[in-house]
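Here are my notes on the model you sent. They cover the chains, their contacts and the confidence values.

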Amino acid sequence: MSRLLGLYAAAAFAFLHLPLLVLAVFSFNESRFTVWTGFSLKWFDAAFRDAQLAEATWNSLLIAFAATLASTIIGTLCAYGLWKRSSRAVSGTLYLSLVTPEIVMGVSLLAFFQWLFRYVGMHLGMHTVIAAHTMFCIAYVVIVVSARLRSMDASLEEAALDLGATEWTTFRRVTLPLIFPAVAAAGLLAFTISFDDYVITSMVAGVDSETLPMVVYALARRGANPVVNAISTLIVVGLGVLIAVSSKLQETR
Amino acid sequence: MDRLRRAFLAPGVVTLSLLFVAPLAIILLYSFQSRGVYGGVAPEFTGDNYSRIADGLYGAIFLRTFVLAGVATVGCLLLGFPLALFISRAGKRRNLYLQLVMLPFWSSFLVRTYAWMVLLRDTGLINTALTGLGLIREPLPLLYNDGAVFVGLVYGYLPFVVLPLYATLERLDKSLTEAAADLGASPWQTLIRVIVPLCAPGFRAAAVLVFIPCLGAYLTPDLLGGGKTVMAGNLIQNQFTTARDWPFGSAVALVLMLLSLVLLVVWMRTQSEDAL
Amino acid sequence: MPAVLELRRVSKHFASHAAVDDVSLSVETGAFYGLLGPSGCGKTTTLRMIAGFESATSGDVLLDGARINHLRPYQRPVSTVFQNYALFPHLTARGNVEFGLRQARTAADEMARRVGEVFDLVHLSGKEDRYPHQLSGGERQRVALARSLVLRPKLLLLDEPLSALDPNLRKQVRAELKALQRQVGITFVFVTHDQEEALSLSDEIAVMHAGRLEQAGSPEDLYVRPCTRFVASFLGEVNWVHGIGVRPESTHISRVAPGNGARLVRGTVERSTFLGNRLHIAARTESGETVVTEVARPDAGFHPGEQVYLWWQPQDELAGLR
């Protein structure tokens, strides 16, 4: 039976990885059709030359950096506050934000922003996307940082208080340094989630704030496009590296 | 001391209130109003939107959403359990396999969905390969239908079941399987009569964990189903863009949200510990 | 000498029970004071109230006569050595010891001097740049002590100081702790459940039970003149015969009745254990109570089943027990 299981596992792993591998391979395909005619970097070249793609990538990076910074700080503080004493209201709301379908979050944010803009003269743009991204990343940050806090020795904080440090100083000089790898891991995770987001972004982005996923989506919808293959490969590799580093940081020594 | 703790929670609470709770409150409000003349929102309150959902056309969409999500969940469980079983028996390589399972999941959902378009379309890899091998003459319509959405959902969320199922298998008392073997059960019988029943709670938890995102799926049916497979998520998006009926879209969104909330509560009951 | 620490009718109530109930005690300056009791008796909670990690529900905690109930731990001139030492893993031994001095914004040269002195004091010079995980259990304890002592607190609190150490290290560390305290002259208050530890280390002991203070006094006072049955049986062993308590070392055994005005009972030897330099005999009285006694001569040869007399002098009885 274990041989059968092994064979099955191989097939399952193939199922999980082949689609992306195929995509990666064909991004190096000379022909634009799904017949292999030779190795070529021309699609990558086309991708790099495309002005719209360049701007979209830049937007995505900017948004991801801003949202990561904001959500990591807010999420870490939140995780710490919850660790000191739990709040079912806050934890419950965070869980809810994870479980809410993206489309629901997207339309509700759209409705909220449009309502807000009736009173404050603003439009949808980069800032609304950043705000939205910050929101949905917080729960992930809280999860990662909370996991690390749970395994921390509470008496270390008491020792710091005992030696003359106030609560804030204790957090800064003792707790934060000790949980820092988890905070960094949470940041990388948030970056990945933000960079890749399509659904929510599409609802709250303005005309000047097109992101890379939005461009990819539009191209994919239109039909077969080898440039999309190339971009996709780059995205997957880039984000994959970030996630790999993030999970390494979350390992407990 | 409590003041400080509140200070730590404050930024999170403000962000959640402003960017999560308030938006939901607004669409809750809209869901009880109706579409204005120019596509805006008329101020009178009505329960019409919700009763519309129950009627034929939209009811069918919800039904289809449930069915697709349900079938995808079953598919994930069936495909995921043997994989979880394999990993739990893999000894030293366990963590490596787990990482291999999770890696695609964390890369890019958009790209992973697009990858299936490349595989399934008329000029895609599968059709090209089958035609090239002489097995078919006309390309098979693999894309833009329920089947493609099903494949996309299972592919998208399979890693989501493997982890909890693996955790359940790990927690199993090994001596029970040894006892079964000792009493004469073959590996197959041990699996069916001992392991699977003992994993039942894990199955329930994993099922709910996958069913929720499948229920709220938007991108997968949108890209892989063409315009033909409409799930609740697509309906909502449509109402907020093309159809410009925000109140109705809000009502559908809230129903979907409520379903997800109920399922979340169910899932939390299956857990003995909190993650947050 | 005046009391550096005083607890006046201190109580700590939690939702379900009173962990500390109306405890009053006073600790003299320069003493080595022990809080002794079984687990759950409230001794650790009391220690934490002195340190400031718990606040008393009622009563006063006074340091040098001033009420400190409202002060946070970092405002109290009191330092704690935790049971697991709580050394900061991301700092070296030196970093740990400097922590409190940095908080107090001590000048660099004074800091270096005091750190050097305290490392000498605990015999850890040369290991300042090691991280906690590179030190042995005993060394980590010494870093924890140094970290607290360098701040020259009025009071040093120790939570089960010997429990985390290897059993064969304990006697040695006990002696070192006693010598250290004498040397620095700071008042030490420690918590333990081990009566031997309490008896050998303390100048004064407070025995606690179910949140209440049973008795406080010198080790000799508590052992020779216990006020309650609990204290009598917690510190050392007691033979209870017809409600009267006698220590095994005051209980004698013989085959013939002694005539010297001793009180006696008859009993049957149950078992006799050879312990090298002495014989440990347990005998059962007619009323079913077990009496334990020690005999210095191992070849006295009392065998199970023998009828014997167990006797003691009236003045050796533990009297007036509540």
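1. Domain bounds in this note come from an automatic or database domain assignment. On that basis chain C has domain 1 (3-230) and domain 2 (238-318). The centres of domain 1 of chain C and domain 2 of chain C, taken over C-alpha atoms, are 40 Å apart.

2. This is a predicted model, in which local features need pLDDT of at least 70 and side-chain atom pairs count only at pLDDT 80 or more, while totals for chains, interfaces and linings use all residues. Residues are numbered from 1 along each chain as its sequence is written, and chains are lettered from A and ligands numbered from 1 in the order in which they are written.

3. The model has an ipTM of 0.90 and a pTM of 0.87. pLDDT is the predictor's confidence in each residue, from 0 to 100. For chain C the mean pLDDT is 91, with 99% of the residues at 70 or more. Where pLDDT is low, the predicted coordinates should not be read in detail.

4. Which chains share the most contacts? Two residues are in contact if their C-beta atoms, placed from the backbone, lie within 7 Å. Of the 2 pairs of chains in contact, the answer is chains A and B. Here 75 residues of chain A meet 70 residues of chain B. Helices (H or I, at least four residues) and strands (E, at least two) are DSSP runs, numbered from the N terminus. On the side of chain A that touches chain B, α1(A) gives the most, with 14 residues. That side of chain A holds 52 nonpolar, 18 polar and 5 charged residues. In this count Ala, Val, Leu, Ile, Met, Phe, Trp, Tyr, Cys and Pro are nonpolar, Asp, Glu, Lys and Arg are charged, and the others, Gly among them, are polar.

5. Chain C has 17 residues in contact with 14 residues of chain A. β6 (78-81) and α2 (93-103) of chain C each supply at least two residues of the side that touches chain A. The largest share, 3 residues, comes from α2(C). By class, this side of chain C has 10 nonpolar, 6 polar and 1 charged. Chain B and chain C do not touch, and their nearest C-alpha atoms are 10 Å apart.

6. Chain B contains 13 helices and 2 strands. Its C-alpha atoms fill a box of roughly 75 × 70 × 35 Å along the principal axes. Of the 276 residues in chain B, 45% are buried (20 or more other C-beta atoms within 10 Å of the residue's own, with C-beta atoms placed from the backbone).

Terms used
A residue is buried if 20 or more other C-beta atoms lie within 10 Å of its own, exposed if 12 or fewer, and partly exposed in between; C-beta atoms are placed from the backbone.
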